[in-house]
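This report describes selected helices and their packing. The sequence and the structure are shown first.

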Amino acid sequence: MERMDTVVAVAIGILAAITVASVVALVLVCRNCYCQQMHLITLLHKNSRQDAELIQSIETDLPIPEPNTVEMDDIEFTSPKLEEILQHENYIEDATGLVPHCIAILKTCHYLTNRLVAMAMGCSQQIHMQEAMTDIIAMAKQITPRVDEVVWSMYPPLDPRLLEARCTALVISVNHLVYVVKNAYHLAGTLDWTDQSLADVEDHLKGREGVELGPKALRDAGLVSSLQNLGHEVHDYGDLEFEEIKDDPKRHNINNMKSVSEAGKKICSAVKKVVDAGKICITLGGDHSLTTGGIYGHTLSQPNIVILWVDAHADINPPAASTTGNMHGMPLSFLVEEVQPYMSKIKEFDWVKPCISAKDIAYIGLRDVDPAERWLIEKLGIPCFSMYEIDLYGISTVLKMALTAIDPEGRRPIHFSFDIDSMDPSIAGSTGTPAMGGLSYREGMFIAETVANTGRLSALDVVEVNPRLGNETEQKHTVDVALDIIQAVFGKNRRGMLPPGFFLPRMDP
Ligand SMILES: [Mn+2]
């Protein structure tokens with residue numbers, strides 16, 4: 001019952017905040033509106049536990065005045081707790097994976113309403129107060145019960161479809177408000193920020209996770225120029241375009257199965273093309289599922305590769321053994337010959353053939369390994385250096401052992417698959433499945449420098465950088481760490497660098 005009380009309190013809290021905001025907006029604002037239909041696709045994802053507390057924090061921190069008694073100037077719409085929620089979002093647990101999206105939608109709707117109201121306060125003289133009042137009142141009346149409904153169906157999130165429908169209804173109402181305000185101002189240009197917020201909301205409605213923004217974040221941070229500064233010729237092939245497949249339910253226990261299969265084919269041929277041309281291929285993710293196509297494509301050009309898999313996770317669950325259905329936990333199962341007896345036949349993945357042996361992979365940094373994965377590692381004898389071995393031997397010995405295990409003679413091309421979640425969340429927290437106790441910055445850099453020193457790097461994956469998770473500082477750190485690792489892999493060394501031909505001229509006496 002305490003939980004129900006919390007839910008009621010929360011519902012009333014958020015409802016009241018948005019009511020006040022909407023009512024103020026409607027007093028100031030006029031004219032017509034239109035609405036935009038959106039869809040919510042359920043996406044299995046991580047996590048949520050402390051949601052009730054978090055939502056309660058929103059409630060306790062937001063001043064919630066009585067709509068009828070308050071003066072416009074008295075309304076304060078700031079909440080430091082919202083910032084706090086943003087920081088801890090990626091540690092929230094919930095089986096449906098929908099709650100984080102719902103919280104994000106509620107927050108954005110809250111933010112939109114607040115800003116629109118604040119703006120209306122600032123420019124009330126521009127608005128024709130008499131007009132369109134009826135429309136706006138009707139609209140505001142829609143928003144409040146819809147917030148209430150979303151919150152009610154979140155605790156617990158028993159029916160994902162109901163939750164989807166209710167989030168959609170809320171977003172439609174908030175869209176109404178946005179467009180009514182836009183219309184009232186006749187100043188669409190000054191309201192560009194609303195488009196960004198609405199696009200964010202739409203992403204959450206679609207269950208998009210933000211990891212697709214990783215490559216842009218790395219490019220924006222100067223990836224290409226930093227590699228050029230190291231003396232490399234860099235060709236940026238741009239983003240691969242993936243078609244959106246509408247009807248793509250979970251099948252064979254793989255979420256969005258057709259989409260990931262089709263994407264894999266494209267990644268496969270793109271990587272093959274680059275390696276065929278004698279270049280080192282960097283594949284930026286995105287999530288780790290890209291290696292199904294990436295490693296297969298690499299082997300089509302270079303059959304003799306070995307794989308250095310630096311990750312918190314083993315990513316070798318056969319689909320049937322996966323507890324989440326997320327392809328990014330399974331890519332190696334499609335590629336390793338010895339795993340095939342444990343795989344069910346999936347015709348959509350006929351294009352990928354098992355192409356590497358369990359003996360050709362070395363894991364480094366594991367610390368979140370599923371039972372099926374541990375069983376395969378032991379049964380197949382996959383060289384595995386978890387955080388335990390790193391603590392036991394130190395990173396230098398571990399690397400020697402790992403490289404020797406997969407290639408005693410040190411002649412084979414290396415596919416270095418680097419998952420940012422191998423690093424400790426304290427330095428790279430903006431990632432979908434963070435795990436405590438990861439690699440230190442120094443250990444990560446040492447791995448990268450050692451790979452560079454082999455001179456045998458043939459392909460590099462950098463995956464799971466998610467610039468939408470974590471706070472601003474975490475996002476920046478995560479991108480910076482990824483960038484430093486990439487630079488180290490391509491020759492930047494902490495000992496310092498001599499540019500070609502550099503010398504210190506003697507001074508005349
Ligand atoms: Mn991974």
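Which residues of α10 are buried? In this predicted model, the buried residues of α10 are Met 257, Val 260, Ser 261, Ala 263, Gly 264, Ile 267, Cys 268, Val 271, Lys 272, Val 274 and Val 275.

## Overall composition

The protein chain has 17 helices and 6 strands. It holds 509 residues, of which 47% count as buried. Of the contacts between residues at least 6 apart in sequence, 78% join residues at least 24 apart.

## Helix α10 and its surroundings

Helix α10 covers residues 257-276. Its 20 residues should span 28 Å at 1.5 Å a residue, and its end C-alpha atoms are 28 Å apart, so the two values agree. After the helix comes Gly 278, which has a positive phi near 80°.

With α11, the axes come within 7 Å and cross at roughly 35°, and the crossing is right-handed. On the α10 side, the residues that meet α11 are Gly 264, Lys 265, Lys 266, Ile 267, Cys 268, Ser 269, Val 271, Lys 272, Val 275 and Asp 276. On the α11 side they are Leu 290, Thr 292, Gly 293, Gly 294, Tyr 296, Gly 297, His 298, Leu 300 and Ser 301. The contact of α10 with α11 has 7 nonpolar, 8 polar and 4 charged residues.

## Helix α16 and its two partners

Helix α16 (residues 441-454) has 14 residues and reaches 20 Å from its first C-alpha to its last, close to the 20 Å expected at 1.5 Å a residue. Its buried residues are Glu 443, Gly 444, Met 445, Ile 447, Ala 448 and Val 451. Just after α16, Gly 455 has a positive phi of about 70°.

How do α15 and α16 pack, and at what angle? Helix α15 (residues 395-406) packs on α16 at an angle of about 35°, and the axes are 10 Å apart. The crossing of α15 past α16 is right-handed. Ile 395, Ser 396 and Leu 399 of α15 make the contact with Glu 443, Phe 446, Ile 447 and Thr 450 of α16. By class, the contact of α15 with α16 consists of 4 nonpolar, 2 polar and 1 charged residues.

The axes of α16 and α17 (residues 472-489) come within 7 Å and cross at roughly 30°. Angles under 35 degrees count as roughly parallel, and α16 and α17 are therefore roughly parallel to each other. Their crossing is right-handed. Tyr 441, Gly 444, Met 445, Ala 448, Glu 449, Val 451 and Ala 452 of α16 meet Val 481, Asp 484, Ile 485, Ala 488 and Val 489 of α17. The contact of α16 with α17 divides into 9 nonpolar, 1 polar and 2 charged residues.

## Glu 164 in helix α6

Glu 164 lies in helix α6 (residues 160-185). Is Glu 164 buried or exposed? Glu 164 is buried, because 20 other C-beta atoms lie within 10 Å, and the cut-off for a buried residue is 20 or more. Leu 205 is 41 residues from Glu 164 along the chain, and their C-alpha atoms are separated by 7.6 Å.

Note on methods. Residues numbered from 1 in each chain as written. Predicted model: local features only at pLDDT ≥ 70, side-chain atom pairs only at ≥ 80, totals over all residues. Helix = DSSP H or I, 4+ residues; strand = E, 2+ residues; numbered from the N terminus. Expected span 1.5 Å × (residues − 1). Buried ≥ 20, exposed ≤ 12 C-beta atoms within 10 Å, placed from the backbone. Axes fitted to C-alpha atoms, helices over the stretch in contact; angles between N-to-C directions. Left-handed = near helix turned anticlockwise from the far one by under 90°. Contact = placed C-beta atoms within 7 Å. Nonpolar A, V, L, I, M, F, W, Y, C, P; charged D, E, K, R; others polar. Parallel < 35°, antiparallel > 145°, perpendicular 65-115°, else oblique.
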